[in-house]
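Please open the structure in your viewer and keep the selection panel at hand.

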Amino acid sequence: MLKSVLCAAMICAAPLLFAPQASAQQHAGWRLQKTAPRPDLFADSRPAAPNGLSDGRVATRATGDIRAAWYAEPTRRYRHGVIGDDIEAGALMVRTATGAELRVSLPQSEVFEDVTPRLADLDGDGQVEVITIRSSSRRGAAVTIYGLRRGALLQKATTPFIGRSYRWLNIAAIADFVGRGGKQIAYVQTPHIGGTLKLWSYTGGVLSQLDTLAGFSNHAIGARELRLAAAADLDGDGLLELAIPSRNRRSVKIVRFEGGAWRLLARLPVRSSVRRMAASASAAEPQIFIELRNGDAYRVRHASK
């Protein structure tokens, strides 16, 4: 879980130490240290999605009106292939607290260009939202939220489509970046084409954009791995930081949302492009682990911890 903000003119208060033999580097209190790989953080024990994508999973939670969600109806009707193949999902399935299974099938002009949906109570009202990446054959991708109303599975809100076919986005994190309860959705629009980090809140059934910041990429084109960002309160100040790759994925940027905007806290170069990221579960020692394409692993920590 994380928070960020733009401050382009203040990234350089301390010099960045990055020698060829260095195993650790520090920038204004932010520390990037080489470490042993942590494959356990990336293991996915969730059940496979029934009648779904080959690597799709069932997202689950223990409370709320929706207990599980997954994608179904594999289809080749939208041959974009940006996440590794041209097979996408044509339907969303949920299992409710009563055990009922409900379905939303998209029109022929749309697909879910995603691997597994996400479950969260975004506005703190006790009802669970299902957060998806929905793509139109003419207008590209959007973040679309589904939920239950009077026992039916319906679309509750959506961001605008990007506006052109074959334009995609990848969700970076869903967390309380604002620090007032609830959860916001951070995603990178067009991560392969000058990616822009966006933050949206969901309140009163309406999605509202809070801020944008350019210069990010949380996906390698053609890869199935979507987990290239992670959020945590790394410095213990009660606000979340977001660790997310730069546009070429050869640096890790640390951002926070404060004062109504993203603020860039640090940019930490790495020797190979970022492959994936995950936050540790330890509240006593919050860290974010980074795995690179060359097999090296690093952890991001703050000097205060």
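In this predicted model, begin by selecting Ser 251 together with the residues it touches: leaving aside its neighbours within four places in sequence, Ser 251 is in contact with Ile 244, Pro 245 and Ser 246, and also with Arg 267, Leu 268, Pro 269 and Val 270. Within that selection, show the side chains of Ser 251 and Arg 267, which make a polar contact with each other at 3.4 Å. If you colour by accessibility, Ser 251 counts as buried because its relative accessibility is 5%, and the cut-off for that class is under 20%.

Now display the whole sheet, an open one of 4 strands in the order β16-β17-β18-β19, with antiparallel pairing. Its edges are β16 (230-232) and β19 (261-269), each of which pairs on one side only. Viewed along the sheet, neighbouring strands are turned by 25° against each other on average, with direction ignored.

Finally, colour the chain by pLDDT, which averages 91, with 91% of the residues scoring at least 70. Residues 1-23 deserve a separate selection, for their pLDDT is below 50, although this stretch has 82 contacts in the model beyond near neighbours in sequence.

How values were computed
Residues numbered from 1 in each chain as written. Predicted model: local features only at pLDDT ≥ 70, side-chain atom pairs only at ≥ 80, totals over all residues. Heavy atoms only, no water. Buried < 20%, exposed > 50% of the residue type's maximum accessible area, 1.4 Å probe, protein only. Polar contact = N/O pair within 3.5 Å; in protein donor to acceptor, adjacent residues only side chain to side chain. Contact = heavy atoms within 4.5 Å. Pairing = 2+ DSSP bridges. Helix = DSSP H or I, 4+ residues; strand = E, 2+ residues; numbered from the N terminus. Axes fitted to C-alpha atoms, helices over the stretch in contact; angles between N-to-C directions. pLDDT = per-residue confidence, 0-100.
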